[in-house]
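Student: I would like to learn how to read a sheet in a model like this one. Could we go through it together?

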Amino acid sequence: MRRPPPSPVVCMSHAILPKSLFSFLRKLKQNNDREWFAEHKHLYQQDVLGPAVELVARLEKPLARCAPMLHVVPKAHNGSIMRIYRDTRFSKNKDPYKTNVGISFRHQAGKDIHAPGIYLHLEPRECFIGAGSWRPDSTVLSSIRAAIDADPKAWKRARDNKAFRADYEFVGESLKTAPRDYPKDHPMIEDLRRKDFIAIAPLSEAELTGDGIVDLIVQRVKQARPLMRFLCDSIDVPY
């Protein structure tokens, strides 16, 4: 008796973020009003918020190993995922909702987004992972500049690390002139003028909705370790 041919092997996808996440964000950009959002809130929870929480949950253990000082909190509210509701009180833009997903892994020593941390930005045609300090307060900024001035070689090793610069580039604003207490001809003046010490590595929608997203994010976090360590050392917190 002949045996029936074996059943075809079905490969189950391990993708965490669905393509519908970006579809929702595109539609939200076209319909950024409370009535539309209320009608489609179930899709936001199903296609955007739920998968984002799952991504953070999958990152919790691997990031605890490679970046243990970062808060990785997989909760829909008051966790690593930033609110979709915009604060319009002091803005000319009165759109009520953000058209991106922001995921912030903050340093345990920091109470806000200005401390060194990792940030994941999900937005149609503009996805990236960021590392460093965005708009640090004056005390932190002074400490970072002092660390660069005191040991420029250590800063250059962090800034120019080959693995780090393979995917990251520095972004942000700088002063138009030298900061107080530093001469205009200081050899590190371009870096001392920075108001943001943050670098970003671009990500594609295909990468984010693919099977290897957890491994890719962990790899990018590891690549940013030289920058994160220098910034944390400069303000005397562990990393």
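Tutor: Gladly! Helices (H or I, at least four residues) and strands (E, at least two) are DSSP runs, numbered from the N terminus, and two strands pair if DSSP finds at least two bridges between them. This is a predicted model, where local features need pLDDT of at least 70, side-chain atom pairs count only at pLDDT 80 or more, and totals for chains, interfaces and linings use all residues. Residues are numbered from 1 along each chain as its sequence is written, and side-chain values use heavy atoms, leaving out hydrogens and water.

Student: Which residue takes a positive phi in the hairpin of strand 2 and strand 3?

Tutor: That is Arg125, with phi near 70°; four residues lie between the strands of this hairpin. Strand 2 and strand 3 pair antiparallel over five bridges, and Ile118 stands opposite Ala131 in strand 3.

Student: In what order do the five strands form the sheet?

Tutor: The order is 1-2-3-5-4 in an open sheet with antiparallel pairing. At the edges are strand 1 (101-106) and strand 4 (169-171), each pairing on one side only.

Student: How many bridges join strand 3 to strand 5?

Tutor: Seven, and the two run antiparallel; Cys127, for example, stands opposite Leu203 in strand 5. Strand 4 and strand 5 (residues 197-203) pair over three bridges, also antiparallel, and Glu169 has Ile200 as its bridge partner in strand 5.

Student: Why is strand 3 called largely enclosed?

Tutor: Buried means under 20% relative accessible area, exposed over 50%, partly exposed in between (1.4 Å probe, protein chains only). Seven of the seven residues of strand 3 (residues 127-133) are buried, so the rest of the structure largely encloses this strand. Cys127, Ile129, Ala131 and Ser133 point one way, and Phe128, Gly130 and Gly132 the other.
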